[in-house]
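Here's a quick briefing to read alongside the model. Have a look at the structure, then follow the notes below.

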Amino acid sequence: QLQLVQSGGGLVQPGGSLRLSCAASGFTLDYYAIGWFRQAPGKEREGVSCISSRDDSTYYADSVKGRFTISRDNAKNTVYLQMNSLKTEDTAIYSCAADSFITAQAMCPVPNMKYDYWGQGTQVTVTS
């Protein structure tokens, strides 16, 4: 029963917004760094945004800085990714991951590491 459950995603026009959720089931996210990763067809997986467990320090890829915001709600055991001003280049499958042995700054640059938990992934499509 230990897993990450994602929600959100969908189809949106350029300039629109979406919010992704990543909720922990069976464990407490307070002690885990959480990362959002994405992979577009024909492209390598990349780190989008990550947040640390203790000090809540954050990391954003240059391509999303100023448009995306990562946050955590410990009371709801959930991490969110608010995506604003979406571009067609943001189209990808987005997955969240959790790990207790890494910081946000170390997590996002390593998208292929076998982290403790992975969400099921959700499709984000930005098109006119």
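Which backbone nitrogen does the side chain of Gln6 reach at 3.0 Å, besides that of Cys96? That would be the backbone nitrogen of Gly121, at 3.0 Å. Before going on: this is a predicted model, where local features need pLDDT of at least 70, side-chain atom pairs count only at pLDDT 80 or more, and totals for chains, interfaces and linings use all residues. Residues are numbered from 1 along each chain as its sequence is written, and side-chain values use heavy atoms, with hydrogens and water left out.

**Gln6**
- Gln6 sits in strand 1, residues 3-7 (strands are DSSP runs of E, at least two residues, numbered from the N terminus).
- Gln6 is buried, at a relative accessible area of 6% (buried means under 20%, with a 1.4 Å probe and protein chains only).
- Leaving out residues up to four places away in sequence, Gln6 touches a set that includes Trp36, Tyr94, Cys96 and Gly121 (contact means heavy atoms within 4.5 Å).

- Four strands make an open, antiparallel sheet, ordered 1-3-8-7 (two strands pair if DSSP finds at least two bridges between them).
- Strand 1 and strand 7 (68-73) are the edges, each pairing on one side only.
- From one strand to the next, the twist averages 15° (axes are lines fitted to C-alpha atoms, and angles run from 0 to 180 degrees between N-to-C directions).

**Strands 3 and 8**
- Strand 3 (residues 18-25) and strand 8 (residues 78-83) run antiparallel, joined by six bridges.
- Cys22 stands opposite Val79 of strand 8.

Definitions and conventions: Buried means under 20% relative accessible area, exposed over 50%, partly exposed in between (1.4 Å probe, protein chains only). A polar contact is a pair of N or O atoms within 3.5 Å; within protein, one must be able to donate a hydrogen and the other to accept it, and residues adjacent in sequence count only if both atoms are side-chain atoms.
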